[in-house]
Structures are given as C-alpha cells and as structure tokens.
Amino acid sequence: MRYDTIDLNQTELKNARLHGLASAPPNPVPGQIYHNSVSEITFIYNGTDWVDIMKQGTITELSASAPLVSSGGEAPSISLADSGVIPGSYSKVTVSAQGLVIAGSNSDEKNEDTLDVTSPKWGADPTGKEDSGAKINAAIQYAHDNNNKKVFIPSGTYALEVPIEPRSGLEIIGAGISTILKIKDSTDISGIKTMGQVFNFRLSDFTIDGNKQNNNFANGGDGLNLHMSSSHINRLRFKNISKVAMRICDDGDLYDDTSYLNRIYDNEIEDSHIGIRWGSRCADSWCERNNVSSTYANLLLQGGSCRFMANHFNGSPEYNVYVECGNTFVLDNNIIENAGKYAIYSKRLGWEEASKYFKITNNIIRDSSHSENGAYDLIRFEGYSNTTKANNILIQNNLIISTNGNKPRYAISLENCSDVSIVGNTFTDGFANANPIEIYNVDNLKIEGNLPTNGITDLNPHGPGAGTEIDMRISKNLAIFPDEYAGIQSPYNFATITGVRGGVEFTEMWLLINARYDYETKRFKRIDVNNFSFGWQYQGGGTYPGEEIIGDTINQGMCLWKANGKKAFSANDPARDLITEDIGALQPDGTWREFGIIMGWNNHFMCDSYGGMTIGGAGFEIDGSGTSPFSRVSLGKFSGGSSDPNRPVTDYGFTYNGTCWNTQHGMWNKDEDQLPGYFYGFTSPVNFYDQGDTVNVGSNRADMDDVKFIVKRLGNYVRPYIENWHDIFEVNQDGEMKLRSWEVVDSKTINFNPEGKNFIIIPFPDSSWNKNNMIINDLEGTTTYYKEMLRNRKHTWVPEGLKIDLDFTYYTDVKVKIQKILITTMGLHPRKGMTTNGSPDKATIQVDLIKGSTDFNANFPDDSWNKDNTIVLAVIGKLADGNTRQLGTNVTMTPYGMYGGLGTNEYVSAKVILSKI
C-alpha cells in the first residue's frame, strides 16, 4: 500500500522503521526521510537540502518515497504514544531539538483568545532584522475582524517601518520589558499611532524604543500618539524617545472627538523630550503611578477633568508640570522634583482664557527651580490679565522643599488669580527670598495653617498685591512640631476662635500645650489624655468665661487654664475614667461645659480688663527659698483614691482648703516619699448631687453644711489612699474637738526573699497586730548590684497580712521595718466636757477566782498590754443570785498580769474592765 502523504493524526503507521542508507537516496521529494547508517543521523528533505531531523523545525507535511508496509500486513500508521502529544487534528507538527514530535495549533487561529504575532501565519521577526510593523498590524487587523481578544508579542526586538495601529476592543500585550518595539533607522514614524479614535483597547507589558540616535524625525518621533476612549495603557517602558513618550488625545484632526475614562498607570518613561502630553480633548481620566523622566516637561497639560496621582515626575526637565490650558485638574500624592525652572507652571496664554479648577494636594515638591538662583518659583500661576484670571486654585498639605544648589525665587507665586487657598503646607529649607509666597493682583486669597521650618522666618506674602497693613492671614490652627517628633498632632498649637458663650459674642486666640481646638466639633481636645493640658487664652472680645451669667459682658483679659489628665488622679479614683479626649463634659441639660469643672479647663491665673489679677487653679507652691520638702496653699478635691478599688468615692470623697506640706495638690502624692506628709485646713464632703438626683462622681463642689478644721497625716512609704490618711486633730462646725494621739508601741525589722516574685506578703507578727495599728516605716530592696529604697509601692491588706507590690522580679532581698501604733482619741465638747475613746484599746477580761479566797488573778489581753500602759476602769463581781456588784479598783500590776481582792468570797465570778493608755 502506498502513501503519498501520511496523516499523523490518523495514527496509521505502526511498527514501522526507516532503513539505513550510506548516502542520501536519489530524486528525493519534500518531506522524505532517511537514516544515514554512517553518520547515524536521520535527515528530512525540505525541497532544497537534507536537514538533520533532530534539529528544531516545523513539519507541515510528512510523506514517504516508497510504500510503508507493517509487519502484520495492516495499513501502516505512525503512533504518537511516545511523543507526549495528545492525539488530535493538528494543522502542523513540530519536531523538538531532542527529536520529539510535538503539536502546534490544533485548530485555525480564527476565534482564538490570544494570537501570537510570531506564528508562521504572521511571521513577525523577533530578531529585529526584518520589518515587523506591517506583519503585526496584519495580525491586529485579523484579530479585530475575527473577534480575537488579545494580540501577543513575545520577547524579542521588533523593527518598525510603520507604526503599530491599535484597534478597538483589543489587548496588545508583550512579555514584559524584554518585548521591544523599535523604530528602524532613518524611519520618520511614531511607535504606535491610532488612525482615528479607538475605544476599549489596552496596551501593556512591552518597551518602545524611539531610536532617536539614528533618526531625524520631522513628523514622527513619539512613542505613542493615541486618540482613545475607555482604554488602558500600563506597564510600558519608553526609551530613546525624540519627542513625546505618550501623546494622549492631541491629534489636531480629531478635535471634535472628546475622549473619556482612560487610565494610564504603572509606566516608566526613561528618556524623552516631553513625558506625557495630555491633549485638550481628553477628559475624566486617570494618570497614576507612572515614573516620568524627560528633558523639557514631564507632564504638559491641555485637557480637563483629569486626575494625576502617585506619579514620580523627575529626571532633569525644565518643567515638571507645564499647564498650557488647564480646566479641572487634580495633582495628588505625587513626587515632583529636579526641574531646572518651574516644578508646576501655568503660563499666561496668548488668548483670553485662563486655567481654572486646580487642586494641588499632598505632593512632595522639592529640589526644583535650581538652574539659576532666585529666577524661578516652585509653583507659579499666571492669569491672562487683570480681568481674566486663573481661578479656583487649592494648594494644600504639600511638602515644599528647596535643598540643592540654587534656591527658588518663591515657593508659590501667583499673578492675576482669584479664589485661591494656600492651606496646611510645609515650607522648608529656605528660598532666595526670606518669604516663600508672592502675590500680585490676587482676589479672595486665603492663607492659613502653613508651617515654616529650617530657616524660613516669614510666612507673609510679598509682592505688589500683598497689602501694607496685613501681609498674611492665618486663621484657625497653626501647629508647631518639635524636631524629630513622630506624632500626627503636634503638642503645641495656636488657635483663633470666635463664637457665642453664654449669650455674649467673643473672639479669642489660644496658645495650647498638649491640646488643640477642633473646629468641626467646636471642642478643645487633649493630645495625650494621660498628661495635663495648658492653654493661654488671649481675649479680644467677650468676657471671662462664666461672668456673663452675672451680667458682666466686657471683662476680657488674659488667662492661663489647666485641664487635668488621667495622671491627675490615682489609679482607683473613678474620676480618672471620666477623662477623655474632649476637654469638658456634657451637662444634664444637654449643653456642653468646658470651664470650671474637673473634666474641663480650670483657671490658674487671670489678668482682667479692670486691672485685677487672680491666682486660680488648685493653689500655689511655696519653695521656702530652698527649704524642703515643699509646701502648698491649695484648694481642691481629694484624689488619692482608696486601697479598695470597689469602695465608692461617695463613701470617702471630700474637698479641702488649706496647706499641704510634703504632699501635692489633690493630696494624691508626696515630694519625698521617705517622709510623712501633712495637711491642715478646712475640709467638707463633696456634693455629689450638684446636678440633681443622679450621683455625679465628677463633682468638685463642696457641701458647706459639714465643714471641719482638720490636721491629717500620711505615713512614709505608703500610697496616698484615704485609708492611709490619719486624722490627728479636728474641730467641727459645732465647736466639738477631737485629738488623736499617735504613739509607736512596737517595731520590727523583717527580711524577705521574694524568690523571683514581684510581690511580698508581710504577715502580722502576732494577734495584737492588725491593719488598724500596723504601718510600714521603711522598705529597702536589694538586687545583685545595688540597694534602693522602694517608695510609693502599692499595698493591699490580705487576711494573712500586708501584700506589697515590688513592680519587678529582680530583687534578691527586701528589708521591711514595721511599726505598731497606739491611737487614742480625746474629745472636748463645750457642754459634754472631755471624753476618751480608747477603742480598740479597751478590753473586758474574765478573771480567775482563787477558791476559798477573796483574791483573783488575770493575764493581760495580749502582748500589747503591760503594766505600764494598762489601767483598770472597773471591777465587777457576780453574786450567786445573779446580781452584780461594782467594786473598787484595788488591783496590782505585775510584768505577767494583775491580781487583786474582792473583799468577800461570796462572788461566783468577776470581770475587769481595762483601758490602754
């Protein structure tokens, strides 16, 4: 059976082999195969030469020069089982370099998703030797006509004698920057050019090489020249571009066709005269994340309603952004640098029209305008004339820097402009003029919240339009940041505020420390809620806050205010949790109050319009010319908290007016912890119902119905909890006096090994010690390297004794000195006279009767009682009939106890009432 051709898809050749020949057979036909038995090489005849079949090639037809007969006499076939090819209908077969048969396309390219321009049908040359422009265009036209989605250009260099012409609805994609479309030598074209307006196409992932070194362009020379709508250009690389890398909608023949919704992103322009030329017919589009380097302009704008965001405009251009005629542009979050003349320049046009609706925000603009010292500005807008002005311009939150070489003339220069806001920018490192802003013939100008740094001493705008009386207006906030400060909100702020307070109009300027003013909520805010805030209030109109209530509407002045932070209160004081970011508090009637309350501003100093001066706040400190510890005259509310975190503040809270010695305002801390602290003066309970029937734990209003004059003592090395403040002397408003003695009756020194724990528990030495009479006198910690006094450590009473927090685990030894105190209270009343209250140092004991005798014996109640501090108040005997009789106090004290006589043996039992003195 003879086969002129063999269809490998039929698998008709089985168990076939090629006979070896010492030389090529005569009269070969194309596709004929023979094996050379001398060289052991298999050859195929391509119509001209015998070719080694082991080399890569494409076989479109396979035939035999003689009938191929299988050993079984069946129709011969070729099996693909060992070739790695899935059997099917193939339009071509490829033989790999390893001699394996591999499949090509298994169908016609028509209606495929992706079309490869290097396939034999199109033949684009990836070596760059032959022109590929026409071949790629043929593939593009075919794909467009046959509903292909993508045209793929593999890695390689493709020479272009004609521009690539995109078509609507297609993606032209490469393999990355290794796919290079290069304009051929001496060819006056652009790399890619649309012939009319196209829609919904995409160019991505290849390089355009303009080859400007080997061309003298007249009409061509652009990388792209596109008139498009709803299309994308991304991940392209441009190099050696003579004119414009990307010319967008700038075709003079298509001015009537406005384009929309284009996106140009993630491209890199390495070398061009103009990076991107945005034509006047391109609207409502985006240009994002591109890196643009050029010699004349990175971006030349003519169009409108477009957004340029997150781009890097650099290189060494004359202009970064050049505006010939702009209408509604956004420049946001770009890096704009290294221009020789202007970073952003909107030029005066030759016709009566001007740029408008510009938003320049959040950019870094730096190191430009350096080609000549003091000749150019970083940002300059020029309107057409005095009547046709560039207008509606916002320049906000930009970082504007000049560091390298020659200095710009001004950071911002405006001429023939209107409706301009320059807000919140940072100017740094200086300009040729001491001032960074120039204005000339500018209407409705707003300049506020800008920050000068590093040698800029003047933010007033200069120039013929700057005015003579007020050079610059800063409204609302001005923030001053410390060096290397990492926070978003500066702790140092100026604010100007106007409004109505208590029905009286006011205008004020504030210098704020750890605070700012929020114009949206109209509230003062803390920067760090833990720390104190301060504010100098300078009143230009109005009255002292609160005096409008009494009818004084003109007492403006200068005031220093303080607002508490959380640190103003102990950890267990519930007022601590009332402190929030807002300075002030909502009142029961729904109004906001910020002056004269514990959560708001409290006055420390005032100089008013009447010449008066007031020292306010908690009080003032007396340093005694170096005498220590310090003393303070203070008016405030106790803020030391309780050792029991669950104890309500309404149970112990009080206000005070007096002197604090070695204790601070609020009685919440001491200057020297190793020494006791004292307070003497007046106290009164807090009126926790100052706002109605609901408890107000934040109240700082005194209840003047229960005022006492009192002397209090806080021991050394103890927290300033209410339980640790002991009253020594008090006189209430009825004239009743109480005096408490404070006597140390025992002391002990105990050493503890914390064993790696961050606390110790001091047990009561015996049953006579308890939480009412045991105090800490000294606390010393020892580490491997040093000893230190442990001051102001938190302590808690537990059933077995006193728990002390050490805060750290590195102490190897802790030495504690404790004391047992005896407190005796003596009262004096004008009518009742003197009384003594020995509790808990009064005791009643049952005595042992000596049988058949009139005598008795008794032990002391515990070790704290002895013959020197015990007196007998009464002896009571019990008779057999149950009646009792009080006897005399004929008792003798010994070191071991006491004994005495009852006078008769008729008593069945007796008890003695004792008091400790």
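Helices (H or I, at least four residues) and strands (E, at least two) are DSSP runs, numbered from the N terminus. By that definition, Asp-813 belongs to strand S65 (residues 813-829), and the protein as a whole has 1 helix and 74 strands. This is a predicted model, in which local features need pLDDT of at least 70 and side-chain atom pairs count only at pLDDT 80 or more, while totals for chains, interfaces and linings use all residues. Residues are numbered from 1 along each chain as its sequence is written, and side-chain values use heavy atoms, with hydrogens and water left out.

**Overall composition**

- Of the 917 residues of the protein, 46% count as buried (buried means under 20% relative accessible area, exposed over 50%, and partly exposed in between, with a 1.4 Å probe and protein chains only).
- The accessible surface of the protein comes to about 43,800 Å², and carbon and sulfur atoms account for 48% of that surface (accessible areas come from the Shrake-Rupley method with a 1.4 Å probe; for residues, only the protein chains shown count as cover).
- Among contacts between residues at least 6 apart in sequence, 61% join residues at least 24 apart (contact means heavy atoms within 4.5 Å).

**Helix H1**

- Lys-135 is placed in helix H1 (residues 133-145), and Ile-140 lies in helix H1 as well.
- Lys-135 is partly exposed, with a relative accessible area of 33%, whereas Ile-140 is buried at 0%.
- Leaving aside neighbours within four places in sequence, Lys-135 is in contact with Trp-122, Gly-123 and Ala-124.

**Selected strand and loop positions**

- Asp-813, in strand S65, counts as partly exposed at 24% relative accessibility.
- Residues up to four places away in sequence not being counted, Asp-813 touches Asn-751, Phe-752, Pro-754, Glu-780, Gly-781 and Thr-782.
- Glu-780 is 33 residues from Asp-813 in sequence, and the C-alpha atoms of the pair are 8.3 Å apart.
- Glu-318 is found in the loop between strand S28 (312-315) and strand S29 (319-323), and counts as partly exposed at 29% relative accessibility.
- Apart from residues up to four places away in sequence, Glu-318 touches Thr-295, Tyr-296, Ala-339, Gly-340, Lys-341 and Tyr-342.
- A separation of 8.4 Å is found between the C-alpha atoms of Glu-318 and Ser-369, which are 51 residues apart along the chain.

**Positive phi values**

- Ser-230, a residue other than glycine, has a positive phi near 50 degrees.
- The position of Ser-230 is in the loop between strand S17 (228-229) and strand S18 (232-239), where Ser-230 is partly exposed at 33% relative accessibility.
- Asn-392, also a residue other than glycine, has a positive phi near 55 degrees.
- Asn-392 lies in strand S36 (residues 390-396) and is partly exposed at 32% relative accessibility.

**Cysteines**

- The structure holds 0 disulfides (a disulfide is a pair of cysteine sulfur atoms within 2.5 Å).
- The cysteine sulfur closest to that of Cys-249 belongs to Cys-282 and is 4.2 Å away, too far for a bond.
- Cys-607 is likewise in no disulfide, the nearest cysteine sulfur being that of Cys-559 at 8.9 Å.
- Cys-249 is buried, with a relative accessible area of 1%, whereas Cys-607 is partly exposed at 34%.

**Cavities**

- The structure holds 2 cavities of 30 Å³ or more (on a 1 Å grid over the protein atoms alone, a cavity is a set of points where a 1.4 Å probe fits but cannot get out).
- The second largest cavity has a volume of about 30 Å³, a volume being the space filled by probe spheres set on the points, with grid points joined across faces, edges and corners.
- This second largest cavity is lined by Lys-637, Phe-638, Val-649, Tyr-652, Gly-653, Phe-654, Val-686 and Phe-688 (lining residues have an atom within 4 Å of a point).
- The lining of the second largest cavity divides into 6 nonpolar residues, 1 polar and 1 charged (Ala, Val, Leu, Ile, Met, Phe, Trp, Tyr, Cys and Pro count as nonpolar, Asp, Glu, Lys and Arg as charged, and the others, Gly among them, as polar).

Conventions
On a 1 Å grid over the protein atoms alone, a cavity is a set of points where a 1.4 Å probe fits but cannot get out, and a pocket is an open set with protein on both sides within 12 Å along at least five of seven lines; lining residues have an atom within 4 Å of a point.
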